Amino acid sequence: MQFYLKIVSPDKLFYEGKVDEIITKGVCGEFAVLPNMASFVTQLAIDKIRIQSDGKEKFAVIGGGYIDVRNNKVTVVANAIEWPEEIDKNRALRAKERALKRLESNEGDSLRAEIALKKAINRLSVTK
């Protein structure tokens, strides 16, 4: 049995179709979504989302957002999302270095620097 998944970001419809399972990470930890699950809404962490459909598995990196699960329809609203092949590894490395320098210097907004660092590390984790 499958369920309908729709993933959107501010600038595009990222994914739409029937899937068997998704695994991602919320702010309280990793979870899976399967057919016929109880309804829930939760905030998503900066992490990966794994989509399984018809024996195939795809990964994408997600920069936070939220997920709404109800009646075998799942909507993910992502702050940012991309497939591994869309990631510019050199750009992600530079972003990581900038964030580390900001954190080490204790100048500016440390929360923003931590978020930028998490996003860069997340993006790099799927380019290996």
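Arg50 is partly exposed, with a relative accessible area of 25%, where buried means under 20% relative accessible area, exposed over 50% and partly exposed in between (1.4 Å probe, protein chains only). Its partner in a salt bridge is Glu57, with the closest N and O atoms 3.1 Å apart; a salt bridge is taken as a side-chain nitrogen of Lys or Arg within 4 Å of a carboxyl oxygen of Asp or Glu. Glu57 is likewise partly exposed, at a relative accessible area of 42%. The model is predicted, so local features need pLDDT of at least 70 and side-chain atom pairs count only at pLDDT 80 or more, whereas totals for chains, interfaces and linings use all residues. Residues are numbered from 1 along each chain as its sequence is written, and side-chain values use heavy atoms, with hydrogens and water left out.

By this rule the count comes to three salt bridges. Arg70 forms a salt bridge with Asp68, the closest N and O atoms lying 2.8 Å apart. In that pair Arg70 is partly exposed, with a relative accessible area of 42%, while Asp68 is buried, with a relative accessible area of 19%. Arg123 forms a salt bridge with Glu82, and here the closest N and O atoms are 2.6 Å apart. Because Arg123 lies in helix H2 (residues 110-125) and Glu82 in strand S8 (residues 81-82), the pair ties together parts that are 41 residues apart in sequence. Arg123 counts as buried at 15% relative accessibility, and Glu82 counts as buried at 17%.

The chain contains two helices and eight strands, helices (H or I, at least four residues) and strands (E, at least two) being DSSP runs numbered from the N terminus. From the N terminus on, the order of the elements is β-β-β-β-β-β-β-β-α-α. Along its principal axes the C-alpha trace spans about 50 × 25 × 25 Å. Of the 128 residues in the chain, 37% are buried. With contact defined as heavy atoms within 4.5 Å, 51% of the contacts between residues at least 6 apart in sequence join residues at least 24 apart.

The largest nonpolar core has 21 residues, of which Leu5, Ile7, Ile22, Ile51, Ile67, Val74 and Val76 touch the most other members. Such a core is a set of buried Ala, Val, Leu, Ile, Met, Phe, Trp, Tyr and Cys residues joined through side-chain atoms within 4.5 Å. Two or more residues of this core come from each of strand S1 (3-9), strand S2 (12-19), strand S4 (29-33), strand S5 (40-53), strand S6 (56-70) and strand S7 (73-78). S6 gives the most to this core, with four residues. Residues up to four places away in sequence aside, Ile7 touches Leu13, Phe14, Tyr15, Ile49, Ile51, Val76 and Ile81. In soluble globular proteins, nonpolar side chains tend to be buried together.

Glu85 lies in the loop between S8 and helix H1 (89-105) and is exposed, with a relative accessible area of 65%. The C-alpha atoms of Glu85 and Thr127 are separated by 7.7 Å, although the two residues are 42 residues apart along the chain. The accessible surface of the chain comes to about 7800 Å², of which 48% belongs to carbon and sulfur atoms; accessible areas come from the Shrake-Rupley method with a 1.4 Å probe.
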